[in-house]
Amino acid sequence: MGSIYADAKYQDVPVEEKERLFQEVKADMRWHTTLYGCYECGICVAACPSARFYDFSPRVFAQVMAREDVHTFYELLNDSMWDCSQCFSCTRCPRQNSPGGIITIMREVAVKNGMQSAKTALQAYSRIIYKVMSTGTQVAPDMLQPDFFPDWGPDVVKVSENLETWRRAIPPETLHTTELAWDVSEQTQLELYLIWKLSGNLDMIETLDEGIFMILTEVMEELLEEHGYDLDEVEVLV
Amino acid sequence: MSSKLNVINPGPTKAKDRFFDRKGEVPTEYFKDQLFDLEAKGEIIVHRIEEGNYVEVDTKYGRKKKIPIQNTWHHKSCGQCGHIPGYSTSIFWLHRQLGYNYYDPKDQTSCTAWNYYASSASNSAAQAAIAIRNFAQAYQDGYFPLIHCGTSYGHYKETRNEILHHQGLRDQVRRILDKLGKPLVFPEEIVHYSEWVHAMRDQIKARQKLDLSNVVVTVHPACHYHKLVVEDAIYDRDLYDGQRTATVSGIVKALGADLQDYSTWHDCCGFGFRHILVSRDFSRSFATLRKIERMKEEANPDVVITHDTGCVTTLDKSQFAAKAHNRNVGIPVLSDSQFAALAMGAHPYKVCQLHWHGVDNRPLMEKMGIDHEKAWAEFEEQVERIKSGEIEFLSWEDAE
Ligand code: SF4
Ligand code: SF4
């Protein structure tokens, strides 16, 4: 039996591969608290923002996973799951499921396995990953550029034109920054980078985007060495 | 006979006078029991709020929660500091005005959960280690964490659940933190700044300078505040009969503004984490069609008050494009900290930094009795001083 979708796109993918990824999702320690079954009541769909504007349904995730339908699981893994807003409105589920939580785990599996769906969904997003991994803050004032946010109107133009002085015209001392959201000490940035490295996250980034991985490791490891860290001592602990 | 019966039984009480008083057992396990258990076994350090330095509030299932009053370590938010700097500045300003000590650290990183919910390019061990590195830093700095971002708050509560239930994860995180020379610390409460604003609302009201009785307000509650690990969000029987979170609505009511309801109160704002950065057509559609237009039609508010980074950003910035399509939009969006600060007489540009917001907020200021033309001229004067090199930065003294 194949997927529930008549227009399934991945019928040629061997079932063993689908099964392997499915088991990887189920092996996550959070799995047991995200799915308890499904009443098929649709409450999650009514609460879900993404269901209103995409061909997307949290109920389908709960049911497909509960029925262990690896074919449809693979379809979702390659497409629909990236539409989720991760708002967790679906925790209203009377069965105590968290369809959003299932999706968090599925996305992690897709990224870890370097799946094309993850690469495509995160294509324009990788520079944000670089920002947060290297500086410790995810968005910065200098991102407020009209070419990045053309739909946010003329205020973005005003902010970007006046950025340097307007940042200085904010009283808290930590906010006089343009490239970081606040002033994060260099030692703290290095500690964050060590966490990424020790937890095996850099391997994940390498699978996702080799370019970002190379810049990140080059910049940060030079800094670590400058600060007297012995990189041979820093191996993946997880 | 029937008239006698009426005397004995006056009939059902009116709906507004009825209150459901919950008597049953709390349906969820209590994280504090588990935290203190692990501490007794020597596995973790629990960072406690000092005696005498907290206010107790009620939470969803009736448990009490301690909200620290001062000596707080301000765990800042990327989006607030980066794109809506008046949001965080107002939180600090409120502490200064109420005379409460706080610490604004440089040894803090983001929780990185915006990235995590957008991309999942991380794992549980990294996310927990990042949380606990921040907590350990706060502990070593001698201040109790106060979390500015709703997503950090929700994510840290998820992390708490994972840490409490998975020995393997604790071991992984301990090995990472050992390398950093940091202890495994968890605070006894995860506290959002808006809970502090809620707990301080009477003190804020006592210092209120503006009359807000004719200002119509709708509230948007942040999903990651009250939907993600629901049990320790604040609920108060005096607000919505205790059936919705009281946070944000509590301060709006305390300030005497005209709080109005609308049918999509529970809906998300449309932020979407990944969507707001690289797929904004969805965020814009949801924010304007499901939230702003509903509010406009049903309550016609002067302002939307909310309590998270993503909600202010999405609800505010999405309106420009919708206006171009002649949609029924045009409501300013502020955080509860900015609204409370304005009510207490904070400068709209030097403190609340309203020029970083998208929707025209001048009509709101007029309704609040703020002379925005004069205020803007005062702000520009400070900007000129910075440009001319007379001062390097705007100081708190200049702003106050
Ligand atoms: S977390 Fe995802 S599936 Fe759940 S309600 Fe939000 S958008 Fe829908
Ligand atoms: S709300 Fe829960 S039980 Fe109902 S359809 Fe959604 S996942 Fe299934």
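Helices here are DSSP runs of H or I with at least four residues, strands are runs of E with at least two, and both are numbered from the N terminus. The model is predicted.

Q: Where in chain B does Gln353(B) lie, between which helices?
A: Gln353(B) is a residue other than glycine, yet its phi is positive, near 50°. Its place is in a loop, and the helices on either side are α17 (336-343) and α18 (362-368) of chain B.

Q: Does Gln353(B) count as buried or exposed?
A: Buried means under 20% relative accessible area, and exposed means over 50%. The relative accessibility of Gln353(B) is 0%, so Gln353(B) counts as buried.

Q: What radius of gyration does chain B have, and what does the globule rule give for 400 residues?
A: Chain B has 20 helices and 11 strands. Its radius of gyration is close to the value from the globule rule, so chain B is as compact as a globular protein of that length.

Q: What share of the residues of chain B counts as buried?
A: The C-alpha atoms of chain B fill a box of roughly 90 × 55 × 45 Å along the principal axes. The accessible surface of the chain comes to about 14,500 Å², and 46% of it belongs to carbon and sulfur atoms. Of the 400 residues, the share that counts as buried is 64%.

Q: How many residues of domain 1 of chain B are in contact with domain 2 of chain B?
A: The domain assignment places domain 1 at 31-193 and domain 2 at 203-379 of chain B. Their C-alpha centres lie 25 Å apart. On the domain 2 side 38 residues take part in the contact, and on the domain 1 side the number is 40.

Q: Which helices of chain A each supply at least two residues of the shell around ligand 2?
A: The shell holds 13 residues, and the closest are Cys38(A), Tyr39(A), Cys41(A), Cys44(A) and Cys93(A). By type, the shell divides into 8 nonpolar, 2 polar and 3 charged residues. The helices of chain A that each supply at least two of the shell residues are α2 (43-47) and α4 (58-66).

Conventions: Residues numbered from 1 in each chain as written. Chains lettered and ligands numbered in written order. Predicted model: local features only at pLDDT ≥ 70, side-chain atom pairs only at ≥ 80, totals over all residues. Heavy atoms only, no water. Buried < 20%, exposed > 50% of the residue type's maximum accessible area, 1.4 Å probe, protein only. Near = heavy atom within 4 Å. Nonpolar A, V, L, I, M, F, W, Y, C, P; charged D, E, K, R; others polar. Rg over C-alpha atoms; globule rule 2.2 N^0.38 Å. Areas by Shrake-Rupley, 256 points an atom, 1.4 Å probe, with all protein chains shown as cover. Domains from an automatic or database assignment. Contact = heavy atoms within 4.5 Å.
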